[in-house]
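The following questions and answers are intended for a reader who is new to protein structure. Please keep the sequence and the model in view while reading.

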Amino acid sequence: MSAPAKLPRWADLALLPAVSLGAALLLSAALVAVLGENPATALRLLFTGAFGSGDAVGYTLYYATNFIFTGLGVAVAYHAGLFNIGAEGQAYVGGLGVSLVCLAAGGWPAWVVLPLAVAAGAAFGAAWAFIPAWLQARRGSHVVITTIMFNFIASALMTYLLVNVLIKPGQQSPESREFGANAVLPAVHELLATVGLKVAPSPLNLAFLLALAAGGLVWVLLWRTRWGYRLRVAGANPEAAVYAGIRPGRVTIGAMLLSGALAGGLGLNELMGAQHRLTLDFPGGAGFVGIAVALMGRNQPVGISAAAVLFGALYQGGSQLAFDLPRINRDFVVVIQGLVILFCGALENVWRGPLARLLATRRGDQGGA
């Protein structure tokens with residue numbers, strides 16, 4: 001099997017994802033036409049639904065916040081040579097940690113609650129990733145299989161807790177009581193209002209800034225520390241890592257702990273920032289979308305943030321699309337999301353060779369001019 005064609009770094013990070021995204025949107029437009037709708041109208045509605053108003057932008061960035069947390073978690077494990085499929089369960093259990101702090105906060109000041117909630121979400125998410133990491137590092141159990149299984153265990157655990165332990169007394173719905181006002185992240189439109197800027201209300205909250213800060217922290221850890229260097233070496237070549245005195249087992253556990261901790265940050269956005277209570281299924285599949293976000297973003301924090309905004313736009317714009325065009329329902333919007341994942345993930349090498357030849361030809365023409 002021949003190796004994938006080599007592209008310049010700028011083309012690999014920007015041009016190739018753009019071409020793959022364009023191909024996915026063109027195929028989506030063709031399917032829209034088959035359904036009897038105008039593709040140009042559908043794409044316009046998709047864009048305006050995601051970015052056409054203040055509240056639309058707010059919802060897009062709100063969804064993107066979840067995907068940044070889970071995408072970063074997947075990326076850290078990927079750089080260590082691990083494919084963490086368990087971000088959904090780690091986010092679920094991380095949200096439990098956030099909620100326990102918020103429910104116990106009582107009269108604590110908000111400046112105490114927030115760092116404790118961040119720490120609890122990270123600790124619970126990391127703890128849920130520890131067992132699959134330990135099983136791979138010490139017993140050889142493949143992390144893909146164990147993290148998938150732990151997603152189901154997390155779902156069962158949370159169902160039990162919300163039905164039998166944490167449910168608000170006197171109600172049928174499996175959810176906790178509401179958090180106190182001191183345990184709620186302020187919305188961005190409320191923060192802007194304090195400085196005289198009026199924007200439309202949306203669920204976008206302070207967790208968006210925390211997600212961006214987490215991306216910066218990941219970049220520093222992976223590319224500016226010895227620990228990050230050891231992690232990347234172990235992921236790229238475990239045999240060379242052992243020869244250099246690096247212990248891949250420790251790297252596996254450390255990478256998975258950080259991966260789970262990052263995924264646990266999703267609870268800050270969903271629970272402290274939007275729902276203000278613990279509910280069933282609050283991750284909503286964001287852990288699995290985070291896999292696509294990490295792959296499309298080349299497992300780089302900047303790329304992950306951009307890809308997260310794209311998927312946030314598909315979530316928000318897709319809702320508007322399904323509302324305004326009668327022949328397009330929510331299931332078709334999921335098809336569009338799936339095509340983006342397919343073209344930007346599994347089929348990206350289809351375009352790599354032609355792009356490499358095109359760029360080589362252009363360089364040759366310029367050199368001969």
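Q: Which residues does Leu-339 touch, not counting residues up to four places away in sequence?
A: Contact means heavy atoms within 4.5 Å. With residues up to four places away in sequence left out, Leu-339 touches Ala-24, Leu-27, Ser-28 and Leu-31.

The model is predicted, so local features need pLDDT of at least 70 and side-chain atom pairs count only at pLDDT 80 or more, whereas totals for chains, interfaces and linings use all residues. Residues are numbered from 1 along each chain as its sequence is written, and side-chain values use heavy atoms, with hydrogens and water left out.

Q: By what distance are the C-alpha atoms of Leu-339 and Ala-24 separated, and what is the separation along the chain?
A: Leu-339 is found in helix H15 (residues 330-346); helices here are DSSP runs of H or I with at least four residues, and strands are runs of E with at least two, numbered from the N terminus. Along the chain, Leu-339 and Ala-24 are 315 residues apart, while their C-alpha atoms are separated by 5.5 Å.

Q: Is Leu-339 buried or exposed?
A: Buried means under 20% relative accessible area, exposed means over 50%, and partly exposed lies in between, with a 1.4 Å probe and protein chains only. The relative accessible area of Leu-339 is 11%, so Leu-339 is buried.

Q: How does H3 run relative to H11, roughly parallel or roughly antiparallel?
A: Axes are lines fitted to C-alpha atoms, for helices over the stretch in contact, and angles run from 0 to 180 degrees between N-to-C directions. The axes of H3 and H11 are 7 Å apart, at an angle of about 175°. Angles under 35 degrees count as roughly parallel, over 145 as roughly antiparallel, 65 to 115 as roughly perpendicular and the rest as oblique. H3 is therefore roughly antiparallel to H11.

Q: How many nonpolar, polar and charged residues has the contact of H3 with H11?
A: Phe-69, Leu-72, Gly-73, Val-74, Val-76 and Ala-77 of H3 make the contact with Ala-255, Met-256, Leu-258, Ser-259, Leu-262 and Ala-263 of H11. Ala, Val, Leu, Ile, Met, Phe, Trp, Tyr, Cys and Pro count as nonpolar, Asp, Glu, Lys and Arg as charged, and the others, Gly among them, as polar. By class, this contact has 10 nonpolar, 2 polar and no charged residues.

Q: How is H9 oriented relative to H11?
A: Helix H9 (residues 226-236) packs with helix H11 (residues 248-263) at about 110°, and their axes are 10 Å apart. That angle makes H9, relative to H11, roughly perpendicular.

Q: How is H13 oriented relative to H14?
A: The axes of helix H13 (residues 286-296) and helix H14 (residues 301-324) come within 8 Å and cross at roughly 135°. At this angle, the orientation of H13 to H14 is oblique.

Q: Where is Asn-299 found, and is Asn-299 buried or exposed?
A: Most residues other than glycine have a negative phi. Asn-299 has a positive phi of about 55° although it is not a glycine. Asn-299 is found in the loop between H13 and H14, and, at 6% relative accessibility, counts as buried.

Q: Which residues are in contact with Asn-66, leaving aside its neighbours within four places in sequence?
A: Asn-66 lies in helix H3 and is buried, with a relative accessible area of 3%. Leaving aside those neighbours, Asn-66 is in contact with Leu-266, Asn-269, Glu-270 and Ala-286.
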